[in-house]
Amino acid sequence: MAAMSVISFTSLASAGVSELRGKHMQYSKFWNFNSSQKSAEKKQQIPQLSGRTGMLILYAPAFLAALSCLLFFPHHSTRHLLLSSALTLHFLKRLLEVQFVHSYSGGMSIDTAIPISLSYFLSTATMIYGQNLTQGLPEPPIDLKEPGILLFLIGISGNFYHHCILSKMRSKGDKEYKIPKGGLFELVICPHYFFEIMGFVGVSCISQTLYAFSFAMGTALYLTGRSCATRKWYLSKFKEFPQTVKALIPYVL
C-alpha cells in the first residue's frame, strides 16, 4: 500500500507538471491541441471516440468497482461503509452528468480514455482495499469522518453546480467556447476543479489512510496544473478575458 501510495501521488503530480509544460491530456478543450501534422496523422490511426462515449469509459469501471464493494463486500466499520458510499456516489454523479448535463465540443482517442479509466478504477479499488486492511487496527486519534463528509458533500454539490453553468452556456449543436460567467467563474476559471479537489479531500478525511491522502494530494496537483493550463488557453483565445480571474483558488492562484 505504501508503494501504491507513492506511485499514485507521483503519477498524478507528474501529469500536473506535464499540463503546466503544455503537454496536455487530449480531451475537452485540449482535444487536438497544438497537433503537428505528424501527430495528427498518427492520431488518425488510433480509434477515436465521441466525447460522451469517452467520458463513459472513464467513469464506468470505477463506478462498478465502488458499487460492487458497497453492495457485496462486508463493511467492518462505519468508515468503510462511508468510503464505499462516497466513491459510488461520486462516480454515479459523473456518469449522470456525462449523459444528461455535459455538452461536447470534441472527441477522445482510445489511448487517452483507457489510461484515465484504469487510473480511476485502480485508485477506487485500492482505496477501498486499503480501508479493508485497517480492520482490527485502532481508530485514528483525531476522527475526521464528519468534516470529511461535509467537505465531500460541498465538493460534489459545487462541482455539479458549475458543470450545470458550463452546460447552459451552449445552445444545442453549438461547439464554440465562451468565457464562463456565474458562480465562482467570476473569480476563477476552473471552480469545478476546485470543488472536485474538495470532494476528494473529503473522501481522504473519511478514509484516513495513507493511500487516500496521497491520491487526494496527487489529484490536487494534477488539477492545479490543468487549471493553470486552462487559464492560459482562455488568455490566448479571448482578448477580453479578465486578468483578475485566477486559475483555481480565488485571489490566490
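**View 1. Packing of helices α4 and α5 in the predicted model.** Helix α4 (residues 78–100) packs against α5 at an angle of about 165 degrees, and the two axes are 9 Å apart. Axes are lines fitted to C-alpha atoms, for helices over the stretch in contact, with angles from 0 to 180 degrees between N-to-C directions. α4 and α5 are therefore roughly antiparallel to each other (under 35 degrees counts as roughly parallel, over 145 as roughly antiparallel, 65 to 115 as roughly perpendicular, the rest as oblique). The crossing of α4 and α5 is left-handed, meaning that the near helix is turned anticlockwise from the far one by less than a right angle. Helices are DSSP runs of H or I with at least four residues, numbered from the N terminus.

The model is predicted, with local features needing pLDDT of at least 70 and side-chain atom pairs counting only at pLDDT 80 or more, while totals for chains, interfaces and linings use all residues. Residues are numbered from 1 along each chain as its sequence is written, and side-chain values use heavy atoms, with hydrogens and water left out.

**View 2. Contact of helices α1 and α8.** The axes of α1 (residues 2–20) and α8 (residues 210–237) come within 7 Å and cross at roughly 5 degrees. The two helices α1 and α8 are therefore roughly parallel to each other. Their contact comprises 15 nonpolar, seven polar and two charged residues (Ala, Val, Leu, Ile, Met, Phe, Trp, Tyr, Cys and Pro count as nonpolar, Asp, Glu, Lys and Arg as charged, and the others, Gly among them, as polar).

View 3. Tyr59 belongs to helix α3 (residues 51–72) and Tyr120 to helix α5 (residues 110–132), 61 residues apart. Tyr59 and Tyr120 are both buried (under 20% relative accessible area, with exposed over 50% and partly exposed in between; 1.4 Å probe, protein chains only). Tyr234 and Phe238 form a stacked pair, 5.8 Å centre to centre with 20 degrees between the planes, and both residues are buried. One aromatic cluster consists of Tyr177, Trp233, Tyr234, Phe238 and Phe241.

Methods: Rings of Phe, Tyr and Trp (its six-membered ring) pair if their centres lie within 6.5 Å; planes under 30 degrees apart count as stacked, over 60 as edge-to-face and the rest as tilted.
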